[in-house]
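Biologist: I have not seen this one before. Can you walk me through it?

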Amino acid sequence: MWHKLLLKRKIIISASLSLLLIASLWYLGKNFQKFNKQTTPTITLPTISIEKSEEPPAYECCTQSKSTFRKNIYFLKTHKTGSSTIQSIILRFALRHSLNVMNPILYLYNYPISKDTIDASSSTPDNKYNILAHHVRYSSNLASFQYPNTVTVTVLRNPVTLFPSLYNYFNMAQINGMTLQQFLRSPAKPSTLWGIGSPWIYRGYNQMSYDLGFDLQKDADNQTAVDEFVAKIDREFDFVMIMEYMEESLVLLARLMGWPLQSMMHLKLNARPADPNAHVLTADEKITILKLNHVDAALYYHFEKKFRKCVDQYGKEKLQGEIVELRQLNEKFYRRCVDREVQGGDLGGILGAISYVPKNNSDLECVYATQLSLTLEQTIRDIQSTRLNLEKRLPKFR
């Protein structure tokens, strides 16, 4: 029975996404007609420093000998950084422990969270939540929805590899009529690409910093503001994972949360097959990307340095042993859950991502692990809404 319900839900979500994509392409095409690529205004690349010399302190999880079990975690997703895989791990943890998840209204993730942007059907009576693991534009007011001692986490990726991925993901080549190489020779202003007033105006430019709440329109060329932003994220986040060190990040996240390593078992989600014909960036193109994304670069290099220091303090040999154990767990998990891989299907049908077909005899853990982001988010909404409604009708005993 639940197989049929899951299939029906997937069909509904896929149809909704298709309509969204069609509407988005219509909007972008309409705006693109207003601009001539030969007269496209270009950006004057900044000369702002992208790497600070200070040595950041290590994270708590790298130095503590034993972690206390924690169930409250807010994970702020960033675009194209492996965040969907981490999201799946955290949401499946929430399902196993019947925890309350904050569910933002779909497609409102460009806005800071508030009571008005939280899905009412699965909201809690006191507006407090154990878990957040969604695309939500970060702001400090998230603390008002947290329980005490909630762990706040995000993930970053090197802008040199992130920007080409975003360029492809957001279909920028068709929008501005330039390949990535052409674009890097003459990068256009965001307002020219997306149209002034578009909610996508900063997509691709300093994307991680935008996702984490930085005001690009006001402060992008203000080095003091950039430094203060990096310090703010360092102050308000307990752990910043690094995509290039994903396995290390997951081991350290397990340590920070006091979770068994089995909790980190996963399938890689929302990933596209490697393109053998992809352009290999030159040294000059990499420098251009770093300058074009100078806020992201400052953010990334600060936390990449902090992460490497953390690895050193934790112990590379110890960490490597746990990575080997995690890989073995993942191999067993894959054999247990996956019947086959497909490129397309579900959300992958639009984005070209690899998705997984679960085995016919799969348990619920496997079903949830093979679901892509929007499907799993909807599963959470449905289950939580049913549970909370049932709790409201139960008699209260003194």
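Modeller: What follows goes from the whole chain to a sheet, a helix pair and a single residue.
Modeller: This is a predicted model, where local features need pLDDT of at least 70, side-chain atom pairs count only at pLDDT 80 or more, and totals for chains, interfaces and linings use all residues. Residues are numbered from 1 along each chain as its sequence is written, and side-chain values use heavy atoms, with hydrogens and water left out.

Biologist: How many helices and strands in the protein chain?
Modeller: There are 16 helices and 6 strands. Both are DSSP runs numbered from the N terminus: helices are H or I with at least four residues, strands are E with at least two.

Biologist: And what percentage of the residues is buried?
Modeller: Of the 398 residues in the protein chain, 53% are buried (under 20% relative accessible area, with a 1.4 Å probe and protein chains only; exposed is over 50%, partly exposed in between).

Biologist: Sheet next. What is the strand order?
Modeller: The order is 2-1-3-4, in an open sheet of 4 strands with parallel pairing. Strands pair if DSSP finds at least two bridges between them. Strand 2 (131-134) and strand 4 (239-242) are the edges, each pairing on one side only.

Biologist: How many bridges join strand 1 to strand 2?
Modeller: Strand 1 (residues 73-76) is joined to strand 2 by 4 bridges. Y74, for one, has L132 in strand 2 as its bridge partner.

Biologist: Which helix packs on the sheet?
Modeller: Helix 12 (residues 294-314) does, touching strand 3 (151-156) and strand 4. Contact means heavy atoms within 4.5 Å.

Biologist: At what angle do helix 11 and helix 12 pack?
Modeller: Helix 11 (residues 283-292) and helix 12 pack at about 95 degrees, and their axes are 5 Å apart. Axes are lines fitted to C-alpha atoms, for helices over the stretch in contact, with angles from 0 to 180 degrees between N-to-C directions. The pair therefore counts as roughly perpendicular (65 to 115 degrees).

Biologist: Which residues make the contact?
Modeller: L290, K291 and L292 come from helix 11, and H294, A297 and Y301 from helix 12.

Biologist: New topic: Y334. Where does it lie?
Modeller: Y334 is in helix 13 (residues 316-337).

Biologist: Why does Y334 count as partly exposed?
Modeller: Because its relative accessibility is 32%.

Biologist: What does Y334 touch?
Modeller: Leaving out residues up to four places away in sequence, Y334 touches L267, E341 and Y356.

Conventions
Angles under 35 degrees count as roughly parallel, over 145 as roughly antiparallel, 65 to 115 as roughly perpendicular and the rest as oblique.
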